[in-house]
Amino acid sequence: MVAAAQMGPVPLSEKKEETVGRLIGMLVEAAARGARLVVFPEAALTPFFPHWLIDDEAELDSYYETAMPSPVVAPLFEMARELRVGFYLGFAELTPDGRRFNTSILVSEQGEIIGKYRKIHLPGYATPRPHEPVQNLEKRYFEVGDLGFPVWDGFGGRVGMCICNDRRWPETYRVMGLQGVELVMVGYNSLLNVPAMAEVDHLQSFHNHLSMQSNAYFNGTWVVASARAGVEEGIPQLGQSVIIAPSGEITAQAYTNGDEVIVGSIDLDACNIFKRYMFNFRQHRRPEHYGLISAPVEQSWDSGPLLGD
């Protein structure tokens, strides 16, 4: 059994200890319902601060973790050990040499970190846009991840991680699929209204699920995706956390805009029919014809003006 632990808004006034308490409560609930692995959202320990311009360095640093587990987050690890439940946790990482990443970790049932991922597909821009009502300054506050898309042996199978915008890129899943991934964990914070793409705001929900369902099928893998939901400091977040089967079917979905735990039974053997037949990479892939996919960006087809800088 796995769980997606969706979070409602994290207000600026909420102390990090309080937020961790919410995570612990959902971990306990998920365990009571039979889950052995819990997926929390992207940047789960704080409000999603890339939505604001922050000039004060001390204030900015307060959103990052310099160690994991930090003293504040340690109780979550302790509860995981007590309950024998693993988890995926997204957070902002500040390294000893001053680098900043949008990071997730995978923690075992014994409370040990067994995997780390740093977000690669950073959306948004680095320079504020005062004319837009909501900012997305991820490129200002984070570097592009430098760990690739690894997979790990754990929880009875081959598991991988990605974060938010990564879920919209087929290369994310295919790189893990080529390593035999059977379960992809995703934490995300997605706007309901994107100023630069306002004409397709009505498709936010559709595109969210489309990207994950299609790539679950294309790679014969389960996908467990946990979101931030509700209106956070005046900014509506999408929510709609899901568990998706290798067939591309949604098997469980959140229905609220707050803290909510959804649980589902997953059979990793259900991946096999897709990996052995329709998407048998060894038999059917033709990488000799896919060179453009990995060509340098400047050699790719120009799709028009850049939305980010």
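Which strands does helix α5 (residues 170-177) lie across? The legends below begin with the answer.

**View 1. Helix α5 on the sheet.** Helix α5 lies across β7, β8, β9 (183-188) and β10 (222-227), and runs at about 160° to β8. Axes are lines fitted to C-alpha atoms, for helices over the stretch in contact, and angles run from 0 to 180 degrees between N-to-C directions. Helices (H or I, at least four residues) and strands (E, at least two) are DSSP runs, numbered from the N terminus. Helix α6 (residues 204-219) also packs on the sheet, where it touches β9, β10, β13 (242-244) and β14; contact means heavy atoms within 4.5 Å. The direction of α6 makes about 25° with that of β13. This is a predicted model, in which local features need pLDDT of at least 70, side-chain atom pairs count only at pLDDT 80 or more, and totals for chains, interfaces and linings use all residues. Residues are numbered from 1 along each chain as its sequence is written, and side-chain values use heavy atoms, with hydrogens and water left out.

View 2. Six strands form an open sheet of mixed pairing in the order β7-β8-β9-β10-β13-β14. The edge strands, each pairing on one side only, are β7 (151-154) and β14 (250-253). From one strand to the next, the twist averages 20°. Two strands pair if DSSP finds at least two bridges between them. Strands β7 and β8 (residues 157-163) run antiparallel and are joined by 4 bridges; Val 151 has Gly 160 of β8 as its bridge partner.

**View 3. The hairpin of β13 and β14.** These antiparallel strands are joined by 3 bridges, and Ile 244 has Ile 250 of β14 as its bridge partner. The hairpin has 5 residues between the strands, and Gly 248 takes a positive phi near 90°.

**View 4. A salt bridge between Asp 259 and Arg 22.** The closest N and O atoms of this pair are 2.7 Å apart. A salt bridge is a side-chain nitrogen of Lys or Arg within 4 Å of a carboxyl oxygen of Asp or Glu, and the structure holds 16 of them. Asp 259 lies in the loop between β14 and β15 (260-264) and Arg 22 in helix α1 (residues 16-32), so the pair ties together parts that are 237 residues apart in sequence.

**View 5. Two loops with backbone features.** The peptide bond from Met 68 to Pro 69 is cis, with omega near 5°. Pro 69 is found in the loop between β3 (64-65) and α3 (74-83). Ala 43, a residue other than glycine, has a positive phi near 45° and lies in the loop between β2 (37-39) and α2 (57-61).
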